[in-house]
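Please look over the structure shown below before reading the report.

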Amino acid sequence: MTSHYEEGMGVELGPRVMMVRELEANQDSSLDDESEEDEDDRWRELVRGHDVPSDYWHIQKLIKYMKVGNQTATTVALACLKDQDLNSDINQMAIRDCGGMEVLVNLLEAQELKCKLGTLAVLKVISLNIDCRRAITDLGGVQQLVEILDDPARDLQILAAETIANVCKIRKARKIVRKSGGIPKLVNLLDADPHILDTPRDDMSPEEVELVDVVVAGARALWALSTSQKNKEAMRKTGVVRLLARLLRSGHSDIRVPIMGTVQQCATEANFQLAIQTEGMIPDLVEFLDAENTEIQKHCASAIFKCAEDPVTRDIVRDHGGLEPLVALAKNESHQEDKALIAAVTGAIWKCAISMDNVRRLNALGIIPVVTRLLNDQDKEVVTNVVGALAECCKVASNRAEVRAHNAIKPLVLHLNGTHQPLLRNVARALNECAKDKECMLEIEELDGVRLIWSLLKNDSPDVQAEAAWALCPCIMNATDSGEMVRSFVGGLELIVSLLKSPHTNVLASVCAALARVAMDRENLAVITDHGVVPMLAQLVLTENELLREHLASAIANCCSWNNNCHQFGALDAVRPLVSYLESNNKAVHRTTSLALHQLSTDPYNCITMHHAGVVSYLLETIGSSDEVLQEASAGCLSNIRKLALSAEKFKYEN
């Protein structure tokens, strides 16, 4: 309940405030003209050479009265200071220049309500300035603000929480709030009576309005704190998600905005994503996509963007009609200048498009023309999300033709010249899908797109390297003369072979997949053999990663057809580990492994190694597979082993 104090009651100051007062009193117990003139001279020296307005000097005099005046003078000076334009840079500088920040932070320990209210009202405004935020933090003001949250006076709670929201835009302050136990206190401010959440402000009593303002202030502070990963986890442990879900359904838009801001910030964490889904917040996010407030729309779309990595969330968004407003927002030309909104919307479309059911619905809504129009946007985040959406949509063959029809191949290829790594990763992924279409591939070739994709193998980002290597696979398969094209890239084959030394499994898997295609041309196979591809591949066979096993086996299979590569794989002990791949439950691994063993079995020593490793029992199972390629490879390997056994038996009989 709000605390009440008698008017005219003396200001009871904390120890630090009294210390300031005693120091000032010892230096000069009177405010005579001489001391005033000396102090003015020091201030003038500080800002010498600048045209300083009269407000500067007026504010500094007010600070001086707060330092050395009595309790009444302090309260009056604070009241006068509140009436100044505290948003002005020069006025904020005036407060800092004469030690006003120290005085204001000390006054937070005052016991008198009016003094605290005046101090907080000033700090709330000036804390919008980064230098003032740092000063408040460095002077220990954050801890004092956290303590004030326990005060029963709601107006103090509101001002303290709003000041925390401003100050916590810097990392140090966010950490101090967490260490000082401020997060549970702020979460408690959100626990309001459900009745006031649904009652319009006009129908509320002043006390109920104040309760709503407490919730808004607490939500704003938590929003600022939620930019820290440790704070997010601390918030989750307090059980804040349930409160957020309840407040999200509030009838007050001024509550929903900071709540949505907090939700979308926290949605980056997997634990929060699950909690958001469990608390049934996804349908609410979808509903508010139709809100008139663009700030709420932006936060809703951003939260969906972050949560839609989960397939269940993607289905919920579709089932509750979330794709329609997302596409409508992306189409709306009046929103094009709001880059944050468009980035959030296109990001949500991208992640939702990971599900094929959503792609079909998006196609019905005409998504391809919408996103291709945004390919030339100047905002990198928007373009990154748009290209990501195209990459997912182009997994459907008909969409590749539509992308080409809307002249989107050229801007995609041009984006390969950029440096923004998330964009490069998505462009490579999109071109990977487009290259599966012969007509698209022809256009990519004409634009020299394959060379640009190949150059991404030199990028510092392992993710970009991996996506580039994956994109090269369909490019090599569908190019007009892929063998000659690959050889035309100076140093290209040496570069891709060198990536087999990468410590990143995804890079290794994608490079093996690309090398499997490269090795299908005999001249290129000869070149990569000279660059040492065989021992590098042999070093990788002990991997447990299923994706790497699949494409490593494919690369080994295609590299066996040159010179004595087949024998060399056996000499490097690559055969026995390959046999163990057949224990996998992954049919794709079975297929490529059988192809590799079939090629390796053309060498007698490899056949002996396979037989001793127990390959026959595995091959007898895979030969009955419905996959014809797997059947044929298994049968071929068994045939080679059988031929060797017959030859050995015949040799033994003849001797």
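The report that follows describes selected features of this model.

## Basis of the description

This is a predicted model, in which local features need pLDDT of at least 70 and side-chain atom pairs count only at pLDDT 80 or more, whereas totals for chains, interfaces and linings use all residues. Residues are numbered from 1 along each chain as its sequence is written, and side-chain values use heavy atoms, with hydrogens and water left out.

## The nonpolar core

The largest nonpolar core holds 225 residues, and those that touch the most other members are Leu-186, Trp-454, Ile-528, Leu-537, Ile-556 and Phe-569. A nonpolar core is a set of buried Ala, Val, Leu, Ile, Met, Phe, Trp, Tyr and Cys residues joined through side-chain atoms within 4.5 Å; buried means under 20% relative accessible area, exposed over 50%, and partly exposed in between, with a 1.4 Å probe and protein chains only. In soluble globular proteins, nonpolar side chains tend to be buried together.

When neighbours within four places in sequence are left aside, Leu-537 is in contact (heavy atoms within 4.5 Å) with Leu-500, Cys-512, Leu-552, Ala-555, Ile-556, Cys-559 and Phe-569.

## Packing of α35 against α38

Helices are DSSP runs of H or I with at least four residues, numbered from the N terminus. The axes of helix α35 (residues 505–518) and helix α38 (residues 546–559) come within 8 Å and cross at roughly 30°, so α35 is roughly parallel to α38. Axes here are lines fitted to C-alpha atoms, for helices over the stretch in contact, with angles running from 0 to 180 degrees between N-to-C directions, and angles under 35 degrees count as roughly parallel.

The crossing of α35 and α38 is left-handed, a term used if the near helix is turned anticlockwise from the far one by less than a right angle. On the α35 side, Thr-505, Asn-506, Leu-508, Ala-509, Cys-512, Ala-513 and Ala-516 meet Leu-547, Leu-548, His-551, Leu-552, Ser-554, Ala-555 and Asn-558 of α38. By class, this contact of α35 with α38 has nine nonpolar, five polar and no charged residues, where Ala, Val, Leu, Ile, Met, Phe, Trp, Tyr, Cys and Pro count as nonpolar, Asp, Glu, Lys and Arg as charged, and the others, Gly among them, as polar.

## Packing of α29 against α32

Helix α29 (residues 421–434) and helix α32 (residues 462–478) have axes that come within 8 Å and cross at roughly 15°, and are therefore roughly parallel to each other. The residues in contact include Leu-424, Ala-428 and Arg-429 of α29, and Val-464, Glu-467 and Trp-470 of α32. The contact of α29 with α32 has seven nonpolar, two polar and four charged residues by class.

## Positive phi in two loops

Most residues other than glycine have a negative phi. Asn-407, in the loop between α27 (397–405) and α28 (409–414), has a positive phi near 55°, and counts as exposed because its relative accessibility is 58%. Asp-448, in the loop between α30 (438–446) and α31 (449–455), has a positive phi of about 60°, and counts as partly exposed at 32% relative accessibility.

## Two residues within helices

Asn-166 lies in helix α10 (residues 154–167) and is buried, with a relative accessible area of 3%. Not counting residues up to four places away in sequence, Asn-166 touches Lys-124, Ser-127, Leu-128, Arg-133 and Arg-220.

Ala-645, in helix α44 (residues 628–654), counts as partly exposed at 36% relative accessibility.

How values were computed. Parallel < 35°, antiparallel > 145°, perpendicular 65-115°, else oblique.
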